[in-house]
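I opened this structure to look up its pocket, its core and its aromatic pairs. My notes follow the display.

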Amino acid sequence: MHTDSDFVITRLLDAPRGLVWQVHSEPAHLARWWGPKGCAIDVARLDFVPGGLFHYAMRWDGQPPIWGRFVYREIEAPHRMVYVNSFADAEGGIVRNPWSPTWPLEMLTTLTLEEEGAQTRLTIRSSPLTADEEEIRTFVAGHKSMEQGFSGTIEQLVDYLANLPRGA
């Protein structure tokens, strides 16, 4: 189900779909490109199966880590994954956004990969899950910031893909 509060970002990537899928589904790859620009990612856990957990820490120099997590709901290789995304603590429990106390605790995210010749169209659609009206308003008001954050993450993905051998 799609709503007016959904955040959607789409990019055409210069890489085959199988490779794009691989770098989204393996911890060694995710640690090299996932997350906002300027932070390092530590993958604490990745169980890439329905019901599995991706638990990670975002680290900036001189700052305490910010933890996040995905709980995978659906995985349809190599074209679709659905997960619930949240801020987390070091143990993997859900916590509030450290910068916004009215940010939704959970976001339902669908990532799709569509082949377009030798390229791949990446689409990410995210919406608040079990959020109240204030949390939905905060999420919608945050779309511009999310656009900036995801654009930076996707730029890192583009750079990472450009430097991978096509048989990686």
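The entries below take the model, the pocket, the core and the rings in turn.

**Model.** I am working from a predicted model, where local features need pLDDT of at least 70, side-chain atom pairs count only at pLDDT 80 or more, and totals for chains, interfaces and linings use all residues. Residues are numbered from 1 along each chain as its sequence is written, and side-chain values use heavy atoms, with hydrogens and water left out.

I looked up the largest pocket and got about 650 Å³ of space. A pocket here is an open set of points on a 1 Å grid over the protein atoms alone, where a 1.4 Å probe fits, with protein on both sides within 12 Å along at least five of seven lines. Grid points are joined across faces, edges and corners, and the volume is the space filled by probe spheres set on the points. I count 26 lining residues, with Pro36, Phe87, Trp103, Met146 and Phe150 closest to the centre. Lining residues have an atom within 4 Å of a point. Strands E3 (53-59), E4 (66-76), E5 (80-88) and E7 (106-116) and helix H4 (143-162) each give two or more residues to this lining. H4 gives the most, six residues. Helices (H or I, at least four residues) and strands (E, at least two) are DSSP runs, numbered from the N terminus.

**Core.** The largest nonpolar core holds 38 residues, and Val23, Trp34, Phe54, Tyr72, Leu122 and Leu161 have the most contacts inside it. H4 supplies the largest share of this core, six residues. Such a core joins buried Ala, Val, Leu, Ile, Met, Phe, Trp, Tyr and Cys through side-chain atoms within 4.5 Å; buried means under 20% relative accessible area with a 1.4 Å probe, protein chains only.

**Rings.** I find 14 aromatic pairs in the whole structure. Rings of Phe, Tyr and Trp (its six-membered ring) pair if their centres lie within 6.5 Å; planes over 60 degrees apart count as edge-to-face. Phe54 and Phe70 have ring centres 5.1 Å apart and planes at 85 degrees, so I log the pair as edge-to-face. Phe54 is in E3 and Phe70 in E4, 16 residues apart. Both are buried. Tyr72 and Tyr83 also pair edge-to-face, at 5.9 Å and 70 degrees.

Definitions and conventions. Buried means under 20% relative accessible area, exposed over 50%, partly exposed in between (1.4 Å probe, protein chains only). Rings of Phe, Tyr and Trp (its six-membered ring) pair if their centres lie within 6.5 Å; planes under 30 degrees apart count as stacked, over 60 as edge-to-face and the rest as tilted.
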